[in-house]
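Dear colleague,

Please find below the structure that I am handing over to you. My findings follow directly after it.

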Amino acid sequence: MYLYPLWVRLWHLTNAILFLALIVTGLSLQYSSNEFSIIPFNYAVSIHNISGIILCFTYVVYLLGNRFTSNGQYYQFPLKGMATRVWKQFRYYSFGIFRKEEAPYPVEIGRKFNPLQKLSYVIIMYLMMPLIIISGLFLFFPDLIPDSIMFLSGIHFVDLTHIFVGFVLSVFMLVHIYFCTIGKTPTSNFKSMIDGWH
Ligand code: HEM
């Protein structure tokens, strides 16, 4: 089954490289002091800013791609029965898979993602990504940040949001890579993301 069109693969590759650059430079900025930094502070700021700006553009490509091609259909789901479907998939990952049970939602041409994948991709791509991009843009133009947000200094609030969402996205990336190893073979999903074929 041809499930990953070229634009999805190119977007995904660029997105993954930018994420790695953003995570490494972001951690370096977070933990740098006058005496120590993983990457020299000025370089880390420049790489983080440039990667973040490119990420904004690639994110728009992703949104448009999902809006105007059939790939968007894979992110849609009826809310009714969602919890049951997600639970069924979670139970399979926790127990069923080790008892060699059949996958409850195997990949089909009309079903690229199982319910748990679908839910996590929607939360990450349509909630967390906008949050990290908007908070990042505000930190890039700090004059636009209101003095106070929810009884905190505005810049502190935006910074905390950016760091918290960055942490969530970093954890997602690790869990995501782990789940990608659960395919027909440990490398088959990675191969699909290279040649498009499942
Ligand atoms: C080195 C890092 C990464 C690797 C090795 C990786 C690997 C993969 C693989 C093998 C797939 C295909 C299997 C599947 O559909 O689940 C995939 C799909 C996907 N990944 Fe990643 N990923 C990485 C980083 C990321 C990041 C940082 C994000 C988002 C923040 C992301 C979001 C997605 C999405 C949304 C899909 C489904 C795309 C579609 O078909 O519409 N990935 N990834």
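This is a predicted model: local features need pLDDT of at least 70, side-chain atom pairs count only at pLDDT 80 or more; totals for chains, interfaces and linings use all residues.

F151 is placed in the loop between β1 (148-149) and β2 (152-153). Its phi is near 65°, a positive value in a residue other than glycine. Most residues other than glycine have a negative phi.

K100 likewise has a positive phi, near 60°, and is not a glycine. This residue belongs to the loop between α3 (82-94) and α4. K100 is exposed, with 6 other C-beta atoms within 10 Å.

**Packing of α1 against α2**

The axes of α1 and helix α2 (residues 41-68) are 9 Å apart and form an angle of about 150°. Because angles over 145 degrees count as roughly antiparallel, α1 and α2 are roughly antiparallel to each other. The crossing of α1 past α2 is left-handed. The residues of this contact comprise 14 nonpolar, 10 polar and no charged. On the α1 side they include W7, W11, L18 and L22, and on the α2 side they include V45, I47, L55 and Y62.

**Surroundings of the ligand**

There are 22 residues around the ligand, of which A16, F19, C180, N189 and M193 come nearest. Two or more residues of the shell are contributed by each of α1 (6-30), α4 (115-140), α5 (154-180) and α6 (188-195). By type, the shell divides into 14 nonpolar, 7 polar and 1 charged.

Yours sincerely

Definitions and conventions. Residues are numbered from 1 along each chain as its sequence is written. A residue is near a molecule or strand if its C-beta atom, placed from the backbone, lies within 6 Å of it. Helices (H or I, at least four residues) and strands (E, at least two) are DSSP runs, numbered from the N terminus. Ala, Val, Leu, Ile, Met, Phe, Trp, Tyr, Cys and Pro count as nonpolar, Asp, Glu, Lys and Arg as charged, and the others, Gly among them, as polar. Axes are lines fitted to C-alpha atoms, for helices over the stretch in contact, and angles run from 0 to 180 degrees between N-to-C directions. Angles under 35 degrees count as roughly parallel, over 145 as roughly antiparallel, 65 to 115 as roughly perpendicular and the rest as oblique. A crossing is left-handed if the near helix is turned anticlockwise from the far one by less than a right angle, and right-handed if clockwise. Two residues are in contact if their C-beta atoms, placed from the backbone, lie within 7 Å. A residue is buried if 20 or more other C-beta atoms lie within 10 Å of its own, exposed if 12 or fewer, and partly exposed in between; C-beta atoms are placed from the backbone.
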